[in-house]
Amino acid sequence: MQTTIKSPISFPGCGLHTGRTATVTIRPATAEHGIWFSRTDVAVGDRLIPARWDVVLRSPLCTKIENAAGLQVSTVEHIMAALAGCGVHNALVEIDGPEVPILDGSAVPFVRGIMQRGLRKLAAPVRAFEVLKTVSVSDGMASATLAPADTLRIDFEIDFADSAIGHQQKSLVMNNGSFARELCDSRTFCRQADVDAMRANGLALGGEPGENAVVFDGDRVLSPGGLRHSDEPVRHKMLDALGDLALAGAPLIGHYTGVRAGHSMTNTLLRNLFATPGAVRMVVCDESMAARLPGYGLIWDEIPAVA
């Protein structure tokens, strides 16, 4: 059955790119509501923005959504990954600013908060999008593909000149709590040269190495405390991919493969999926199919506890 969170929970913090403080609150919602954002700092006009692929403003640095009135919320990927990874199908996400707080740079604060509140089953079956045809996009050495599968699987590969990152590759099936156990505590990362360039362009104003981002420079990890996983960068790219795929509007059943892919490319992939005749269909999930969706089998004791 569809789910929602049992009671509201709030997360105050600072936006990674804007540097602006905001509080985001996840509230329960009814069946068939889906995930919507609401800008509570806006007094008049349409404050609601659907968490959906067709309202994404494609950006290489984060995922930004915008409604028809031009109202935006940016950096939604981590909270979307947490909602998907915990199996939350319906929620109203209120925010009193333009950017979701970055918190520690990962999704684990959202995951722990959601699971502390717990989930409530609703009187409607889960619907999912089943991929029926392979669709792909590419740009130079980067590519992303969705192919038919009987569950959601994410494969990702990255390759950076900085030897502290280098070549990393990982594959995971997203049920049985694997997102919470394997990915949710992996933080956003960047190279020192990228930090300098972003700040010169008025971005990454809320970034703090070691607190909410991992910064690399050649063979060095500059962030105090080092890494949470030896392959933390590729794990974070998989976290981002789950959050961006959650903008399909329902759980996806398919095999995603990303090679040096980013937010924009994953959104382009979703646009191609829904634009390709016969590539995807919506299915009502029986119990065995629901057991193969993200969030199924999540165990509290397996969620990483981080300071």
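How many bridges join strand 6 to strand 7? I looked that up to get going: two bridges join strand 6 to strand 7 (residues 64–66), and the strands run antiparallel.

**Ground rules**

I'm working on a predicted model, where local features need pLDDT of at least 70 and side-chain atom pairs count only at pLDDT 80 or more, while totals for chains, interfaces and linings use all residues. Residues are numbered from 1 along each chain as its sequence is written, and side-chain values use heavy atoms, with hydrogens and water left out.

My helices (H or I, at least four residues) and strands (E, at least two) are DSSP runs, numbered from the N terminus. I call two strands paired if DSSP finds at least two bridges between them.

**Entry 1**

Next I went to strand 20 (residues 255–259), where the side chains alternate. For burial I use relative accessible area: buried is under 20%, exposed is over 50%, and partly exposed is in between (1.4 Å probe, protein chains only).

Strand 20 has two partners in my notes. Strand 13 (residues 142–147) runs antiparallel to strand 20, with five bridges; serine 143 is bridged to valine 259 there. Strand 14 (residues 153–159) pairs with strand 20 in the parallel sense, also over five bridges, and isoleucine 154 has tyrosine 256 as its bridge partner.

I then listed what tyrosine 256 touches beyond four places in sequence (contact means heavy atoms within 4.5 Å). Among them are Ala144, Leu146, Ile154, Phe156, Ala241, Leu245 and Leu269.

Tyr256 also turns up in the largest nonpolar core, which has 78 residues; Phe37, Phe179, Leu252 and Tyr256 have the most contacts inside it. There is a second, separate core of seven residues, including Val126, Ala128, Val283 and Cys285. By nonpolar core I mean a set of buried Ala, Val, Leu, Ile, Met, Phe, Trp, Tyr and Cys residues joined through side-chain atoms within 4.5 Å.

**Entry 1: the annotated residues**

Which residue does the UniProt "active site" annotation cover? In the unreviewed entry it covers His263. UniProt positions are in the numbering used here, feature names are shortened, and annotations may be inferred rather than shown by experiment.

Histidine 263 sits in helix 6 (residues 263–275). I count histidine 263 as buried because its relative accessibility is 8%. Leaving out residues up to four places away in sequence, it touches Ser59, Pro60, Leu61, Cys62, Thr63, Glu77, Asp240 and Asp244. Its side chain makes a polar contact with the side chain of aspartate 244 at 2.8 Å. A polar contact here is a pair of N or O atoms within 3.5 Å; within protein, one must be able to donate a hydrogen and the other to accept it, and residues adjacent in sequence count only if both atoms are side-chain atoms.

For "binding site", the unreviewed UniProt entry lists His78, His236 and Asp240. They are spread over 163 residues of sequence but cluster in space, with a largest C-alpha distance of 9.6 Å.

I checked two of them. Histidine 78 is in helix 1 (residues 77–85) and is buried at 4%. Its contacts include His236 and Asp240. Aspartate 240 is in helix 5 (residues 232–245) and is buried at 9%; beyond four places in sequence, it touches Glu77, His78 and His263.

In helix 2 (residues 108–117), I found Val108, Phe110, Val111, Gly113 and Ile114 buried. The elements they pack against include strand 1, helix 1 and helix 3 (178–183). Glycine 118 follows helix 2, with a positive phi near 90°.

Is lysine 6 buried or exposed? It is exposed, at 52% relative accessible area. Lysine 6 lies in the loop between strand 1 (3–5) and strand 2 (9–14), and its contacts beyond four places in sequence are Pro28, Arg117, Gly118, Leu119 and Arg120.
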